[in-house]
Amino acid sequence: MSDDLETLRQDVLSELAGATDLRAWDAVRVGTLGKSGRLTGLLKALGKMQPDERKARGVALNRLRDELTQAVEARGKELEAAALQARLIAEKLDVTVPPPAEAAGYIHPISRTIEEMTAIFGVMGFQVAEGPDIETDWHNFSALNTPDHHPARTDHDTFYLPPAPGLDVTRVLRTQTSGVQIRTMLGQKPPIRIIAPGRTYRADHDATHSPMFHQCEGLVVGQGITLGHLKGCLIEFLRAFFGKPSLPVRFRSSYFPFTEPSLEVDIGWSRKTGEIGAGEDWLEVLGAGMVHARVLANCGLDPRVWQGFAFGMGVERLAMLKNGIPDLRSFYESDIRWLRHYGADPLAPALLHEGV
Amino acid sequence: MKFTLSWLYEHLETQATLAEICAMLNQIGLEVESVENKGAALEPFLTARILDAQPHPNADRLQVCRVDAGPGFSDVQVVCGAPNARKDLAVIFAPPGAYVPGLDITIKAGKVRGELSGGMLCSLRELGLGEETSGIAELPADTLPGQSYPDFAGLDDVVIDIAITPNRGDALGVRGIARDLAAAGLGTLRPWLAETVEGTFASPVEWAITYPEACPWVLGRTIRGVRNGPSPEWLRNRLESIGLRPISALVDITNYFCFDLGRPLHVFDANTIAGGRLTLCRGAGETFRTLDGQDCTVTAEDCVIADQNGVQSLAGIMGGEATGATEATTDVFVECALFDPVRVALSSRRLGLSSDSSYRFERGVDQALPIAALEAATRMIIDLCGGEASEVVSAGEQPAWQRTATLRFDRVRDLGGLDVPADESVSLLEKLGFEVRERTAGQVELGVPSWRNDVAQAPVLSQGKDLPADVAALAAQGVAGIEAESDLVEEVLRLKGLDAVPAVPLPPISVVPGASLTPAQARFALARRVLAARGLTETVGFSFVSHEEAMHFGGAPESLRLLNPIASDLDQMRPTPLVNLVAAIRHNSVRGWGDIGLFEIGPAFAQSAQQTLAAGVRSGSTQRYPGVPGHAVSLWAAKADALEVLRQFGVNPDAITTTADAPAWYHPGRSGVLRQGPKNILAYFGELHPSVLQAAGIDVPVVAFEVFVEGVPQPKKKKKSAPVLSAFQPVRRDFAFVLAQDIPVESVLRAVRGADRQLVADVSLFDIYTGPHVAEGTRSVGVEVTLQPTEKSLTDAELEAVSERIVAAVSKATGAVLR
C-alpha cells in the first residue's frame, strides 16, 4: 500500500476511534466515504491515471474502501449500542409507582341475587315478568283469594295511597309481586312459566323487617303440572343457587290464600355456624303451593283444565344467607364501604357456564 | 297457640317423644315456633333441708349452714348470705356444676371467707322463676330433701308454641291439635264427652236475636249460688303455663275452654243484666266500656249484646265492664254463641279490639259444639264454684253446617304428585273426622266435620272485570267442581307428609331455553354493568322519600303521598332515584367518603305512571396522581356516563343532540338534555343546582345524570353492511373557527359532518379558546377532521375543495370565520 493510502487509513481509523458520538462518527463517515469524501476523491482520481498504474492503485483503493467501510459500520454500531444503552439508563423509572387508579364500581347484592335467580330459572324455561309497584287492591289481594276481611290481610301491613285522580280504585304499594302473576294470567294463554322479581312494601321497620324489600315470585301453569314438579323445580333451584348439589330441602304443609295445597320450604343449615347445607337445623327460605282454583278462575282459567304452582321468596333473605350478610337494613343504607364489600364485579355477571 | 305436653296428653294417648311430636306438627302444617322446657335447665337443682345454721366466724352477714340435699349431698356445708336461712328450713340447693340462670354463673365448690362452701341455696329469682328478693326460697316444711326441683315444682312440663295458619280455626284448641296428630299416626285421640247437667229452674235471663246475619245461634244458662274465687291450682298452673293470667274461677273456666276446645265463652253476672233479656242486635252509635277498661263506640255494622240498659258486650270480641263476672258474683249467666267470622273480623279491625275469642271466631269455630261446650262449662262451674244450673235458653238455630266433598282417588296423584292407595286416603280422612257417605272404585263422597270450616265452602270469586262472560262462567263452574276435592287432596298430603311426594323435574320446553329477559328488560342489566364498569357503585334506595326532598326534584303530588307512612320522612313516592342518591352522597360524605360515584336503576314515580331510570351521581374530586392534579368532578363525566349507556343501547351518537334546558334541580348553566329528535328525551346530565345541594346539606361538588331507559328506542334489527376498509390513508386536517360565544360547539361539529358525507369520516374537538387573540364575545373552536378517501388518494386540489366546503358549511350554520 502506498504511503498516502496508509496515512489515510491510519487517519480514518484514529478519527473513528476518536468519534464518541454518532454525530462525530457521521462526520468521519461522510468525510471519508461521502460524495466528497477523501477516499471517494481518491477513487474519482483513478480515472485520470495510466491504465497500468490504475490497476494496482484500484485494487489497493478498493481494498482500503472495503476495510474502512467495515470499520465505519462497526464503529457506528458500537456507538449506536452505546447511545441506546445510555438512553435506557436515562429512561429508567421507579416501577414500584402504582399506576393511575381506575375507580372500581360494584353491582348491588340485590341485583346480583336477582340476576342469579333469573339465570337458574331461565334454564328451566322461565321468563321474567314485571308489573307496577303501585297496585290496585284487586290485583294485590282480591284476585288472590284474599278478600277484605280475610285474616291474612291483617298479616300484611299494607301501605295505602289516595285514589288516582279520576279513578275510584283503592291503591296500595304491592305487598307481594303476586299482582304480576295475575296480570300474566289475564294477559297470556298458558302454558306459563314466569318469575316476577321486584320491590315489595310492608309497613314494618325493625332489625329484621324493612318497609321496602324484594321478592321473587314464580308461576307455572300448564296441564298435568303437579306438586311433584313444584318440588323438583324448587329443589333444583335451591341447590344451584347455593352451589350445593346435595343441599337438604324439606317441605312442610302450610297455608296461603292463593295456593292449595300450600307449603313452606326449609333448607338444612347449622344454627351454630350459619353454614348452609350442614348441621342439624332447618331454615325456612320460601313459600309455595299449587295455584288455588279460585285464583285461576279469577283470571279466567278453568281449573279443571289448567293447574300449576306458584312460589315466592325474599331476595334479601337469600342474599344474606348465601353471602353471610348479617343485617337487613344495610342493604338500603348506601354506605360505600358496605357496597364495595358485598357488591359484585360487573365483569363477572351471573353466567351458569361460569358458575353462579 | 301455646300448649303444654301434659295438656296435650289429656286429649292424645301417645308414646311419641317430644322431638317426634314437633317434627310431626311441622309436617302437618302446625309450624313449631318454639319449644320451652324451663325444667330442663333447672334439672341439677335439688330440694334440701338446712340441718344447722351458725354465724360465719369471719363475716357478719353470712351464715355457715349444713344442708341435707339427699343422696350424695346428705351433709354439705354451704355459706349463705340470706337472712332467712335457718335451721329446718326446706330450701332449693344448687350443687357444684349447676348453672344459675338468674346470676349467669356456674356453681363451684370453694371457700367463702375461709369457710368451705359446697354449693348454693337459691332464691326463685336466681332460678329465673320469680321476682322476690327477700332471701332464699322457702319450700313447704314437709318437703322431702333430694328431689329434683323442677319435678317437685311441676316445671317439667314442656311448653310448645305453634303458628296456626288462618284456615285452621280447628287447631286453636288443644283437642284440635291432638286430633291432627292422631290422624297423622302419632297416637290415639282420647274420647271426649260432655256430661249433661239437668237444669232445675227456668233461666231468669233469655236470649233474643235481631241481627241473625251476625249471630245465627246463641245458647246460655244461669247458674245461681256460685262462689267465685281463685281457681284451683291445676287450673291456674295450666293457664299460667301458656302465658295467661288467672283472674277468677269463672273467668278462668271460660279461658280454659277457649284453649282446650277452641270454644270461646263469656260469663255475665246475671244480677247486672237488666230486664231479663239479652238481645243480639246492631249497634247504634252507643258507647260502652269493655272489660279491659276502654270506651268503645259501636256502629250499625257491629253486632252487640244489649239489655234494657243498653249495650253490654261486643259480640264475640269482648264483654262489658258493667256486666262481667266478679269476685262478688253469685249468679252467673254463661254465653255460648256462633258468630259470623267476617263480621267479627271487620268489627274487630274497625274498633281496634281483638281477643282470644275474636281470634277464634274470625277463623271459624266448631259449628256443632255449642251444646256440648255449654254442658261441659256448666259442669266445671258447678264443680269449682258450686251452684245450681238453670235450663238452657237459646235463640236462633243451629246453622246448616253439613257439607259433603268428593275425592276422586286419582287426584291425589294428579294434583298432589303422590300415589296414595284409595283405602289409605279414606282412612286418613276418617281419622280427621270425615264420614264416608258413598264410595265407589274411583271416588268417595265424604261428610265434612263440623269443625273444618276451611273444607268444601262455597267458592267466593273475584273475577277480572274485563273477562269475557263465557270464559268467566266456565272458570267459575270449574272452581265449583273441584275446589272441595283440592281441599281433600291437601288433607291427605298433609298427613302423609310432603316429603313423601317424589320430586319431578319440570318438563323442558326446549333443551336450550330462550332468553329470560325481553330486549327491553335486558337493557337494565346492561346499563347496570356499563355504569359499574365505569366506576360507579350501585345502590338500592327506598321508593318513598320525604315530601320535602321530593319537592326539590320536581314533583311531590298528593296522589303519590302515602296515607299511612311508616315515618314522616318516608311518605312520598320519589320522583327520581336521584333523591336517594343525593342523600347517599351526604350519608357517605359526612363519614369522610366524599369522592365517590353511585348509581341506581330503579323506579321513578309520576302521577301518570312509573318508569325505571338509570340515574347516577359523582361527587367530590378526581384522584390526584404524580403530574396530574385532582379536580372537582365535572359534568363531562356525567355526560359521558349517560352517553355510554345510550351508546351501549345502540343509539347512534351522531343522532343525539344536546340542549341546555335540563330541569330545575340541575345547575341552569351547567346541565343539558340529551335528545333524539325534537321530542324524545333520552337523558339529563349536569352539575346539581347549588340550592339543591345546600338543602341536602352537601358541601362537595356533585354531578348527576338520569337516563330514561324505557324511552330509548330499540335499534332496528338489520344486518350490518360490510365495512368499507379503504386502501388509502386518511388525511387529517385541523380547522380553527372563530364564532360567537353562545353558538354551541355541537352545531360546528354537525356542520363539519354534513359538509361532505362521503369524505368526512370523523370530526373531533381539540381546542376552545377565548382571550386576547380573538374578539370580545367570540371564541375559537379547533376541530380535527378526518377525511377518508375510498377510490383514490386525494389530490391537493380535491383537498382544497373539501376544506372550502367544510369552512362554508360551518360558516353558514354558525356564522363562524376561519381563524
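Mentor: Asp104(B) is exposed because 7 other C-beta atoms lie within 10 Å; a residue is called exposed at 12 or fewer such atoms, buried at 20 or more and partly exposed in between, with the C-beta atoms placed from the backbone. The model is predicted, so local features need pLDDT of at least 70 and side-chain atom pairs count only at pLDDT 80 or more, whereas totals for chains, interfaces and linings use all residues. Residues are numbered from 1 along each chain as its sequence is written, while chains are lettered from A and ligands numbered from 1 in the order in which they are written.

Asp104(B) lies in the loop between β8 (99–100) and β9 (105–106) of chain B; helices (H or I, at least four residues) and strands (E, at least two) are DSSP runs, numbered from the N terminus. Although Asp104(B) is not a glycine, its phi is positive, about 55°. Most residues other than glycine have a negative phi, and most peptide bonds are trans. Asn145(A) also has a positive phi, near 60°, and is found in the loop between α6 (137–140) and α7 (151–155) of chain A. Asn145(A) is buried because 23 other C-beta atoms lie within 10 Å.

Some peptide bonds also deserve attention. Pro190(A) and Pro191(A) are joined by a cis peptide bond with omega of about 5°, and Pro191(A) belongs to the loop between α8 (178–187) and β5 (192–201) of chain A. Another cis peptide bond, with omega of about -5°, links Glu260(A) to Pro261(A).

What feature does UniProt place at Glu260(A)? The unreviewed entry gives "binding site" there; UniProt positions follow the numbering used here, feature names are shortened, and annotations may be inferred rather than shown by experiment. Glu260(A) is part of strand β8 (residues 259–269) of chain A and is buried because 23 other C-beta atoms lie within 10 Å. Beyond its neighbours within four places in sequence, Glu260(A) contacts residues including Gly289(A), His292(A), Ser486(B) and Glu490(B); two residues are in contact if their C-beta atoms, placed from the backbone, lie within 7 Å.

The contact between the chains takes 87 residues from chain A and 91 residues from chain B. On the side of chain A that touches chain B, helix α9 (residues 227–241) gives the most, with eight residues.

Now consider helix α13 (residues 469–496) of chain B. Its 28 residues should span 40 Å at 1.5 Å a residue, and its end C-alpha atoms are 40 Å apart, which agrees; the expected span is 1.5 Å times one less than the number of residues. α13(B) has a kink of about 40° centred on Ile482(B), the bend being the angle between axes fitted to the seven residues ending there and the seven starting there. Gly497(B), with a positive phi near 95°, follows α13(B).

The largest nonpolar core has 180 residues, and Phe309(A) and Ala315(B) are among those that touch the most other members; such a core is a set of buried Ala, Val, Leu, Ile, Met, Phe, Trp, Tyr and Cys residues joined through C-beta atoms within 7 Å. α13(B) supplies the largest share of this core, 10 residues.
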